[in-house]
Amino acid sequence: MRTVFRAIRNIYRSPTRTILIIAVLGLAIGISITMQQTATIVSATSKALKENIQTLIEVRAEGATGMGRGVQPLAEDTVEKIEDIPNIIGLEKYLYVRRVDNTKKYTVSVISGLYPITSELRVNSHGEVGAPTIVKGRAFREDDEGNNAAIAGTIFAQENNLDVGSSFELDGETLDIIGIFDSGFVFGDNQIFIPLDTAQKFAVSQEYIPDETRISQIFVVVNSVDNVPLVEKTLREQLDDVDVLSGQKNVFLASEALSTIQRESFYGSYFTVLISALIIIFTMVLIGRERTKEIGILKAIGASNGEVAKQFIVETSAIAILGSIFGIILFAFFAPFLANSLLGLSTTSLTGLSGGMGAQAADDILSFSISAKVILSGVLLGILLAIIGSIYPVYRAVKLKPAEALRYE
Amino acid sequence: MSMNKLIELKNVSKIFKQGDTVIRAVDNVTWSIEDSGKLIAIVGPSGSGKTTLLNLLGALDIPDQGEVIIEGKNISHFSEKQLSEYRKRKIGFVFQSYNLIPNLTALENVMLPMEFLRMPREQAEKRAEELLRELKIEHRKNQKPPKLSGGEQQRVAIARALANDPDIVLADEPTGNLDSRTGREIIQLLKNLARTKNKTVIVVTHDEGIVEIVDEKYILRDGKIIAQA
């Protein structure tokens, strides 16, 4: 134990050098942890993107984009035709209806009816479809099917003085707000989600659709990514006057962007670990050489090779652990800014490529925080560096003959 | 009075190579050190092989030829662990440039060999304080070496050499960095220690002035013991 204390005291022999080494080491470790975190989060986001979008095909009336989409319903037999196509495991039906209220600042809203009620909320904005975040209340549950539950966008709720628990009238139906969402777009946040049948009644009363069976958009869920091209082709062949869109191309581009970030982050992480290792090796070689005579003295007065080795290992570990702690602190304070600076361009591109999902991915990428994983990563890196840094000095110290060491000047 | 042979050298040689030149620093020396309670000087000019001989006696080095016998065993066959055990228990070293650990206090420096002996801290501290008191340096026990004078540092080094109660104290030019008065004091101190503690103290030196104080003197030249006085 006394060897341990002695070794720790040794790191204060040259305080300026020690502080500088710990600062540089900490910086390298901090960057390495940031890169590792980036790579991990990007990997998870990339996987989620593929899982969520790659098997999805969007079917909508031909030429129906943006706000015009809600006015043009799909043909009556569209659903029947789609259900007969092999490899399809689910359909999510949407009806988008424009609502104009000249008494409000935001006069145009979109009412989105969906079936099944637990389908993913997809905000319709400028031809892009994205997943909003529930910021208050809750998402739809199965028992909301058939009830007059509604989830409102933040701006729609604000402009209509609505909150979770409040109600509003829609063509004679009273709708209860169960949740508020934020899509990241002003346009998207001016919408509401309600059950499909309620939306259909309203759309008929407003003469948007001719009867209460019509819908404006279908999301087709395919059983595997491999079958998406075939199903897409079949849909185009069997359906008239529709646009068939798969997210595959966008997802491919998004995945490519994410893969690039992930790859570069991993390389960056390895590179910074390498830099850290070189710093600690250089430091310990320098210290080992400086202490050559001291090694000889210790051996002359009875220290075993094990005791000399222990001193170096503890000293290296202490430097590496202090570097790790400093690295973790640096990560906690500066990683979000660093990540933003490193990934800003890529995430912006990503957001543009894949709409709301891209925005979510961008948010995930930037959501750095101190966690057990980060601390563990820092500590493991410290241990790894301590091992790497001690190998040569310990080997040299053990091999050094005392008489030879005592002659060293 | 019968005396035990502590170390025996049989036809020992130590050879160094400098480029193509072969230097026999110790050349075919046969000698033994007994449990004598005496201060013994090995005298010789620079380069005569004094330090090399001392390193062989202290198991800091092993011979290229011949045998160094310790307790009936040839140290050439010792493992590293056995060599460090021998140095730890049987030998105390005093060096010309004191060789104290600079970031440890005088007391901690003296406690260091006892740490290697796994002596409990309280016991080691008590013994270190006793030794520093005997060497009249206890009042400086909390000072680190750079704050001590040369004579004070050498006293601390002698206390450290005695810490594990070794049979032999080997001193390599212990007065080399001291003024003549302090040098004489240190040699007198080593002589008293040899007597009072019954240690065999071997000093290598080229300082002819101090050899009058010692009990025995050996002259070393070109790696050979050429005379005993």
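This passage describes the two chains of a predicted model, the contact between them, and selected local features.

Chain A contains 11 helices and 12 strands. Of its 409 residues, 47% are buried. Counting contacts in chain A between residues at least 6 apart in sequence, 82% link residues at least 24 apart. Chain B has six helices and 10 strands. Buried residues account for 47% of the 229 residues of chain B. In chain B, 74% of the contacts between residues at least 6 apart in sequence link residues at least 24 apart.

The two chains touch each other, with 19 residues of chain B in contact with 18 residues of chain A. On the chain B side, helix 2 (80-90) and helix 3 (106-116) each contribute at least two residues. Helix 2 of chain B gives the largest share, five residues. By class, the residues of chain B that touch chain A comprise seven nonpolar, five polar and seven charged. Helix 2 of chain B also has buried residues, namely B:L83, B:S84, B:Y86, B:R87 and B:K88. The buried residues of this helix pack against elements of both chains: helix 8 (292-300) of chain A, and strand 4 (65-70), strand 6 and helix 3 of chain B.

A sheet in chain B is built from six strands. The sheet is open, its strand order is 6-7-8-3-9-10, and the pairing is mixed. Strand 6 (91-94) and strand 10 (224-228) of chain B are the edge strands; each has a single partner strand, so one side of each has no neighbour in the sheet. On average, and with direction ignored, neighbouring strands of this sheet are turned by 20 degrees against each other. Strand 6 of chain B pairs with strand 7 (residues 168-172) of chain B in the parallel sense, over four bridges. Within this pair, B:G92 is opposite B:V169 of strand 7. Helix 5 of chain B packs on the sheet and touches strand 6 and strand 7 of chain B. The direction of helix 5 makes about 170 degrees with that of strand 6 of chain B.

Helix 5 of chain B (residues 150-162) also packs with helix 3 of chain B, at an angle of about 25 degrees and with the axes 7 Å apart. Helix 3 and helix 5 of chain B are therefore roughly parallel to each other. Their crossing is right-handed. The contact between helix 3 and helix 5 of chain B has six nonpolar residues, one polar and one charged.

Helix 5 of chain B passes helix 6 of chain B in a right-handed crossing. The residues of helix 5 of chain B that make this contact are B:G150, B:G151, B:Q154, B:I158 and B:L162. Those of helix 6 of chain B are B:T182, B:E185, B:I186, B:L189, B:L190 and B:L193. By class, the contact of helix 5 with helix 6 of chain B has six nonpolar, four polar and one charged residues.

Some backbone features remain to be described. Most residues other than glycine have a negative phi, and most peptide bonds are trans. The peptide bond from A:Y115 to A:P116 is cis, with omega near -10 degrees. A:P116 is located in the loop between strand 3 (108-115) and strand 4 (123-125) of chain A. A:N161 is a residue other than glycine with a positive phi, near 50 degrees. A:N161 is in the loop between helix 4 (154-159) and strand 8 (167-170) of chain A, and counts as exposed because it has 8 C-beta neighbours inside 10 Å. In chain B, B:Y98 also has a positive phi, near 65 degrees. B:Y98 is in the loop between strand 6 and helix 3 of chain B, and counts as buried because it has 23 C-beta neighbours inside 10 Å.

Conventions. Residues numbered from 1 in each chain as written. Chains lettered and ligands numbered in written order. Predicted model: local features only at pLDDT ≥ 70, side-chain atom pairs only at ≥ 80, totals over all residues. Contact = placed C-beta atoms within 7 Å. Nonpolar A, V, L, I, M, F, W, Y, C, P; charged D, E, K, R; others polar. Axes fitted to C-alpha atoms, helices over the stretch in contact; angles between N-to-C directions. Parallel < 35°, antiparallel > 145°, perpendicular 65-115°, else oblique. Left-handed = near helix turned anticlockwise from the far one by under 90°. Pairing = 2+ DSSP bridges. Buried ≥ 20, exposed ≤ 12 C-beta atoms within 10 Å, placed from the backbone.
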